[in-house]
Amino acid sequence: MPKSVIPIGPYHPLQEEPEFFTLTVDGETVVDIDVKVGYNHRGIEKLSERRTFDQSTFVIERICGICSTSHPFAYTRAVEDIIPVEVPERAKYIRTIIAEGERIHSHLLWLGLAGHFLGYNTVYMWVWKLREEILDVMEILSGNRNNYAMFKPGGVRRDIKSEDIPLVIKKIDSIVPTLNRLKKAILDDPVLHARLKGIGILTREDAIDYGALGPTSRASGVAKDVRKDAPYGAYDKVEWDMIVTETGDVFEKVIVRVLEVYESIKIIKTCLLNLPEGEIDLNIKDIPPGEGIGSAEAPRGETFHYVRSDGTNRPARHKVRAPTFMNLPTFKVTVIGETISDATIILAAIDPCYCCTERMAVRNTKGKKIYHGQDLIRLSQEKTEHIKRKMGIK
Amino acid sequence: MKLTLKALLKSPWVFHLSTGSCNNCDIEILDCLTPRFDIERFGMLLAPSIKHADVLLVTGSCNRKSAIRLKRLYEQAPKPCLVVAIGECSLSRGMFIHSYNCPLPLDKIIPVDAYIPGCPPKPEAIIAGAVKLIQKIKGNV
Amino acid sequence: MTREEILNDLKKRFKNDIIDLLDKSPKRVYIEIKPESLVKVATYIFKDLEARFNIASGVDARTHIEILYHFSIEYLNVLISLRVKLDRKNPAIDSLAQVFKGANWIEREMYELLGIDFRGHPDLRRLLLADEWPEGVYPLRSDYKEWDKKAIRDRGV
């Protein structure tokens, strides 16, 4: 049976690069998948060795734009682990507030994109408008919408003024009614159930074997979260729940992320209302020789940094591991056996951080039709329309 | 060539390309399309493919792998096509200037018409940059 | 099992393989083992202690090349790091990709950035670097020199 090879085109409508995922299809079913990465490789581990420990924080923030706080969080914890030393209480609370604000904006971003791939463009526009409120909050707290530059080894760089806190809480509360409406719409919509339930299943054994992290593994029943297993910051002083579901299909991954937004809102409000007084920075001067490991829970999973120091003011080795590095190979088990129109939403469901993800192109070896990633997204949207017509909803 | 360019500027279709960035600038470009900043009311749409594009928005610090594809895509774009470099990484590679995987800055690979600095530039800055480019082409600046 | 029981059991079970066990703090344990015993010890930690494989870091210490394999045991909040030291001229070690699939990509990355050979890896090819990158040039080594004549490294001001 002749098989065609499809390299998937742009997974995101804006990005156009030739090759990333190569799907081998037999008719409509995917039989094999290969992943090529390296389009975003900028050699940051080598760059860290030229900078001092403090300057490295600025380079580390720009590894990823969406999970931009989790990398400096893990890095500063790794440097503090070399000595080892604990930061002051107020600094822990401020770090937690910034990290949770980023988690909300990242999950909302993903929800909008998932809506776009399925054909629900209204969801895309509404959710991104909602996300602007959170970016306003981050701008009030730290001065920038995206790269906050709040972390340094030993504490935080800037303080939160207490006169800003009532306005921040008001803005965070204003997104909850729309979020409730969205949650109800997702849980009740029959088209979404037909589209997302039972596809792209990642079993518990595979999640453990590949070392999958974050909501990708929590949707498969693996109850692991760095904030609960090895608490850091202010996470052990606040009441919150870890969201875990059983099946591991795409629908459960959506549910886990939506419910995590509510938990993050709870954590931020508790931390803002109970912010302790005190110092925000330890003023570390010298890092002794040794090695340290730090980890933080990014919106996509656990970020892991390993730093080795030889007594000078520069790292001798800095190893960075983003969570998507462990989640990407799970494509081999989730996409094989599914149809091409489901391929985009399954690939998007692990929430690949763009800087590790590129494009996918589609090429038929017989030379007949060329699908672009735009075409694959269109196929996915057409499948939703088809299901709607079958159910009599229009 | 000048006449076609001036005619296209009433509603430029933009095509976005990332050559190895942290994706912050890409998200800010997407933010311009969402209801708060909404550049679609000026006629700027996202083109689905390079053959429909009038303006090419480039972000990222030009990896070795991406630079080859960038050249190929630029040759496929029907001229006239304006190129806008967004963010520090595409201006001069920013802090990645010593990286072993980023040998050349963007304007040594393809010709650039406008530069928008920032890390990342706010959506207001991107819109201001687009307006300046349009005015320059129309000959007002 | 408690933390002390696990460490004592490891010391007894692998007493010919462990060179040094450093109990640095309640959350961090560094165990140095001989390169030949890597698969045995790693399989025991992954399967029997039910640890999660975090990542492996390759380091070019000037006199030798080291690899650290990090495993997390969540229910005890302990991170065990296995250290192996390899010869700098010809670094080679057995691959762990058959034991758990999470090691597949990180071994490919260490192969192309540090030049370590993994015996028995099912698919050892380039992961991140471009195809035009020359063979035998390893960026993360401490003696890496700029080989590209056309690269521009100043801003021109």
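Trainee: Where is the place of Pro84(A) in chain A?

Mentor: Pro84(A) sits in the loop between H3 and helix H4 (89-118) of chain A. Keep in mind that this is a predicted model. A cis peptide bond joins Pro84(A) to Ile83(A), with omega about -20°.

Trainee: What cis peptide bond is there with Pro120(B)?

Mentor: In chain B, the cis peptide bond joins Cys119(B) and Pro120(B), and omega there is about -5°. Pro120(B) belongs to the loop between S5 and H5 of chain B.

Trainee: Why is Pro121(B) called buried?

Mentor: Set the count against the cut-off: a residue is buried if 20 or more other C-beta atoms lie within 10 Å of its own. Pro121(B) has 21 other C-beta atoms within 10 Å, so it is buried. Its place is in the loop between strand S5 (114-116) and helix H5 (123-138) of chain B.

Trainee: Which residues does Pro121(B) touch, not counting residues up to four places away in sequence?

Mentor: Pro121(B) touches Cys25(B), Glu28(B), Ile86(B), Gly87(B), Ile116(B) and Ile126(B), with those sequence neighbours left out. Take Ile86(B): 35 residues separate it from Pro121(B) along the chain, and their C-alpha atoms are 7.6 Å apart.

Trainee: Why is Glu139(A) called partly exposed?

Mentor: Buried needs 20 or more neighbours, exposed needs 12 or fewer, and partly exposed is in between. Glu139(A) has 14 other C-beta atoms within 10 Å, so it is partly exposed. This residue is in helix H5 (residues 121-142) of chain A. Leaving aside neighbours within four places in sequence, Glu139(A) is in contact with Asn144(A) and Arg145(A).

Trainee: What makes Glu50(C) exposed and Asn77(C) partly exposed?

Mentor: Exposed means 12 or fewer neighbours. Glu50(C) has 12 other C-beta atoms within 10 Å, so it counts as exposed. Asn77(C) has 13 C-beta neighbours inside 10 Å, so it counts as partly exposed. Glu50(C) has a positive phi of about 55° although it is not a glycine, and Asn77(C) likewise has a positive phi of about 55° without being a glycine. Glu50(C) is in the loop between H2 and S3 of chain C, while Asn77(C) is in the loop between S4 and S5 of chain C.

Trainee: How do you know that H3(A) is largely enclosed by the rest of the structure?

Mentor: Count its buried residues: 13 of the 13 residues of H3(A) are buried, so this helix is largely enclosed by the rest of the structure. Helix H3 (residues 70-82) of chain A reaches 19 Å from its first C-alpha to its last, close to the 18 Å expected at 1.5 Å a residue. For chain A as a whole, 55% of the 394 residues count as buried.

Trainee: How many residues of chain B are in contact with chain A?

Mentor: 33 residues of chain B are in contact with 32 residues of chain A. The chain B side divides into 15 nonpolar, 13 polar and five charged residues.

Trainee: Which domains is chain A divided into?

Mentor: Chain A has domain 1 (4-39 + 334-391) and domain 2 (44-325). The side of domain 1 that touches domain 2 gets the most from H16(A), with eight residues.

How values were computed
Residues numbered from 1 in each chain as written. Chains lettered and ligands numbered in written order. Predicted model: local features only at pLDDT ≥ 70, side-chain atom pairs only at ≥ 80, totals over all residues. Contact = placed C-beta atoms within 7 Å. Nonpolar A, V, L, I, M, F, W, Y, C, P; charged D, E, K, R; others polar. Domains from an automatic or database assignment. Helix = DSSP H or I, 4+ residues; strand = E, 2+ residues; numbered from the N terminus. Expected span 1.5 Å × (residues − 1).
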